[in-house]
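Work through the following exercises with the sequence and the coordinates at hand. Each task is followed by a stepwise solution.

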Amino acid sequence: MQTKMALTVILMLSLSSCGNSNPDQISNYTTGDSKDSLHVSDGIVKTVRGKELFEQRCIACHGLSGNYRNNNAADLQLSRIDSMSIATTIRNGRGAMPLFSKDALPDSDVAQLELYVKTLRKN
Ligand code: HEC
């Protein structure tokens with residue numbers, strides 16, 4: 001219980017530091033679980049849960065920054081596919097990329113990953 005409280009405080013602190021000096025550009029909402037909090041800053045949605053999932057499931061091939069290209073993985077910094085295609089790729093797999101079933105990643109997790117994958121893009 002105390003650990004959970006401490007974790008929540010740490011998350012809140014780290015979330016509040018994800019803002020920038022112009023509070024007008026930042027809006028955020030929470031879905032109840034502080035880990036699902038989304039921040040919009042300069043038009044980019046940041047998701048703590050999506051980052052956590054990506055680091056658990058995806059970096060072996062895509063790397064922390066998305067451009068590792070292990071196993072010939074697609075470079076997620078250059079990827080421009082839409083959210084639906086990202087979800088389909090996660091659900092069905094593609095080439096050397098394994099599929100992730102609903103048991104492995106529920107729809108809510110796939111939604112967080114869709115958002116997170118887009119934050120890795122470089123213009
Ligand atoms: C075992 C290695 C591996 C893992 C783990 C993996 N991927 Fe991939 N990923 C690939 C490969 C390889 C491709 C390219 C597939 C192809 O087109 O042949 C790819 C393609 C993609 C694409 C398509 C990009 C585009 O523009 O076409 C997305 C999005 C993606 N991966 C996201 C993820 C996410 C999110 C996870 C974690 C849930 C993940 N991948 C885990 C290997 C992996």
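The exercises below cover the fold, the core, a helix pair, the backbone and the ligand shell.

The structure is a predicted model, in which local features need pLDDT of at least 70, side-chain atom pairs count only at pLDDT 80 or more, and totals for chains, interfaces and linings use all residues. Residues are numbered from 1 along each chain as its sequence is written.

**Exercise 1. Describe the order of the elements in the protein chain.**

Step 1. Helices (H or I, at least four residues) and strands (E, at least two) are taken as DSSP runs, numbered from the N terminus. On this basis the protein chain has five helices and three strands.

Step 2. Read from the N terminus, the elements follow the order α-β-β-β-α-α-α-α.

**Exercise 2. Determine what share of the protein chain is buried and which residues form the largest nonpolar core.**

Step 1. A residue is buried if 20 or more other C-beta atoms lie within 10 Å of its own, exposed if 12 or fewer, and partly exposed in between, with C-beta atoms placed from the backbone. Of the 123 residues of the protein chain, 15% count as buried.

Step 2. A nonpolar core is a set of buried Ala, Val, Leu, Ile, Met, Phe, Trp, Tyr and Cys residues joined through C-beta atoms within 7 Å. The largest one has 10 residues: Phe-54, Cys-58, Leu-76, Ile-86, Ile-90, Val-110, Leu-113, Tyr-116, Val-117 and Leu-120.

Step 3. H4 and H5 each supply at least two residues of this core, and H5 gives the most, with four residues.

Step 4. Two residues are in contact if their C-beta atoms, placed from the backbone, lie within 7 Å. Neighbours within four places in sequence aside, Leu-76 is in contact with His-62, Gly-66, Asn-67, Val-117 and Leu-120.

**Exercise 3. Examine the phi values of Arg-69 and Asn-71.**

Step 1. Most residues other than glycine have a negative phi.

Step 2. Arg-69, which is not a glycine, has a positive phi of about 65°. Asn-71 has a positive phi near 55°.

Step 3. Arg-69 lies in the loop between H3 and H4, and Asn-71 lies in the loop between H3 and H4.

Step 4. Arg-69 counts as partly exposed because it has 13 C-beta neighbours inside 10 Å. Asn-71 counts as exposed because it has 12.

**Exercise 4. Characterise the shell around the ligand.**

Step 1. A residue belongs to the surroundings if its C-beta atom, placed from the backbone, lies within 6 Å of the molecule. The ligand is surrounded by 22 residues, the closest being Cys-58, Cys-61, Ser-79, Gly-95 and Met-97.

Step 2. Helices H3 (59–62), H4 (83–92) and H5 (107–119) each supply at least two residues of the shell.

Step 3. By class, the shell has 14 nonpolar, six polar and two charged residues.

Terms used:
Nonpolar A, V, L, I, M, F, W, Y, C, P; charged D, E, K, R; others polar.
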